[in-house]
Amino acid sequence: SSDLMAANGMAAAGYRYTNLDDCWMATTRDASGNLVPDPAKFPSGMPALVSYVHNLGLKIGLYEDAGTATCQGRPGSYGHYQQDANTFAAWGIDYIKLDWCNTTGLDPQTQYTAFQQALDNAGGNIVFSLCEWGTNTPWTWAPTVGNLWRTTTDIQDNWPAMVNNAQANSAYAAAASPGAWNDPDMLEVGNGGMTDTEYRTHFSLWAMMAAPLIAGNDLTSLSPASLATLTNPEVIAVDQDPLGIQGVLLADNGSGHEVWSKVVTGGVAVALVNLSASPATIAARWSEFGLDSNQTVTVRDL
């Protein structure tokens with residue numbers, strides 16, 4: 001994936017992290033209680049992999065779980081927070097996603113705060129992604145704990161699931177700011193369950209919400225249309241605008257015709273979103289997104 005990102009234009013478009021999900025680690029810890037990479041998948045060890053990715057000009061992320069085991073039954077981090085944080089920092093890991101499986105009886109805010117303190121103690125400059133699926137209103141406390149937090153259940157590669165995650169995530173715009181993001185889950189662009197047009201809507205909504213842009217597809221079988229969507233420079237610029245303002249759903253006519261607005265540097269991004277099954281004309285008034293009704297503006301279709 002790292003090689004492909006460096007070669008296919010995704011790195012140039014701003015994709016920086018190669019993140020390994022669950023099952024990168026061996027099924028047990030070593031005799032000292034340390035996490036070790038799965039020897040069959042990573043026979044050269046983690047420092048060698050980290051060095052390889054860093055030498056491509058990219059960064060690397062790993063998955064762990066706040067509970068006793070990961071969602072796939074590998075060793076969880078509970079009881080080893082500081083030990084694991086030290087390991088990640090020593091390896092040079094740049095990003096950690098911490099899941100919430102196998103956490104019966106535990107409080108998310110308490111555990112995620114403890115892990116964040118462990119990361120701080122370890123001294124690594126590590127992006128911290130919280131993944132408790134929005135079950136304990138993380139938008140009210142996670143902005144001071146991590147850099148991104150899931151607001152929804154896992155996304156699926158179909159139109160209703162994508163729309164549901166977008167609509168749910170849109171409610172928490174006020175919680176987001178630079179370095180602290182609502183996460184409606186990864187992108188499904190290119191996985192085959194939606195049309196190219198639907199994927200463009202998916203990507204545009206994520207950009208309007210200043211959501212993390214995490215490609216969740218197989219980079220070895222990426223179609224030209226999907227690559228074009230994932231690397232659209234002007235849409236990415238809306239997502240990555242330095243003001244870090246999450247766009248808001250301004251209007252919904254009840255029939256799937258929506259108007260979204262996002263304040264960006266030097267202007268405002270507007271999305272006219274048709275969630276219905278038929279073509280539609282959607283109107284938006286200047287005053288809806290803070291412009292004077294007599295104002296002359298330059299409009300560009302991204």
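Asn-182 is found in strand β6, which covers residues 181-183; strands here are DSSP runs of E with at least two residues, helices are runs of H or I with at least four, and both are numbered from the N terminus. The model is a predicted one, in which local features need pLDDT of at least 70 and side-chain atom pairs count only at pLDDT 80 or more, while totals for chains, interfaces and linings use all residues. Residues are numbered from 1 along each chain as its sequence is written, and side-chain values use heavy atoms, with hydrogens and water left out.

Asn-182 counts as buried because its relative accessibility is 0%, where buried means under 20% relative accessible area, exposed over 50% and partly exposed in between, with a 1.4 Å probe and protein chains only. Its side chain makes a polar contact of 2.8 Å with the side chain of Trp-149, and another polar contact, also given as 2.8 Å, joins the side chains of Asn-182 and Gln-246. A polar contact is a pair of N or O atoms within 3.5 Å; within protein, one must be able to donate a hydrogen and the other to accept it, and residues adjacent in sequence count only if both atoms are side-chain atoms. Leaving aside residues up to four places away in sequence, Asn-182 also touches, among others, Trp-139, Tyr-172 and Pro-212, contact meaning heavy atoms within 4.5 Å.

Phe-88 lies in helix α4, residues 81-91, and is buried, with a relative accessible area of 0%. Phe-88 and Leu-35 are 53 residues apart in sequence, yet their C-alpha atoms are 9.3 Å apart in space. Beyond residues up to four places away in sequence, the residues that Phe-88 touches include Leu-35, Trp-24, Phe-115 and Ile-126.

The largest pocket holds about 1,500 Å³ of space. Of the 43 residues that line the largest pocket, the closest to its centre are Val-270, Ala-271, Arg-300, Asp-301 and Leu-302. A pocket is, on a 1 Å grid over the protein atoms alone, an open set of points where a 1.4 Å probe fits, with protein on both sides within 12 Å along at least five of seven lines, and lining residues have an atom within 4 Å of a point. Grid points are joined across faces, edges and corners, and a volume is the space filled by probe spheres set on the points. Helix α7 gives the most to the lining of the largest pocket, with nine residues.
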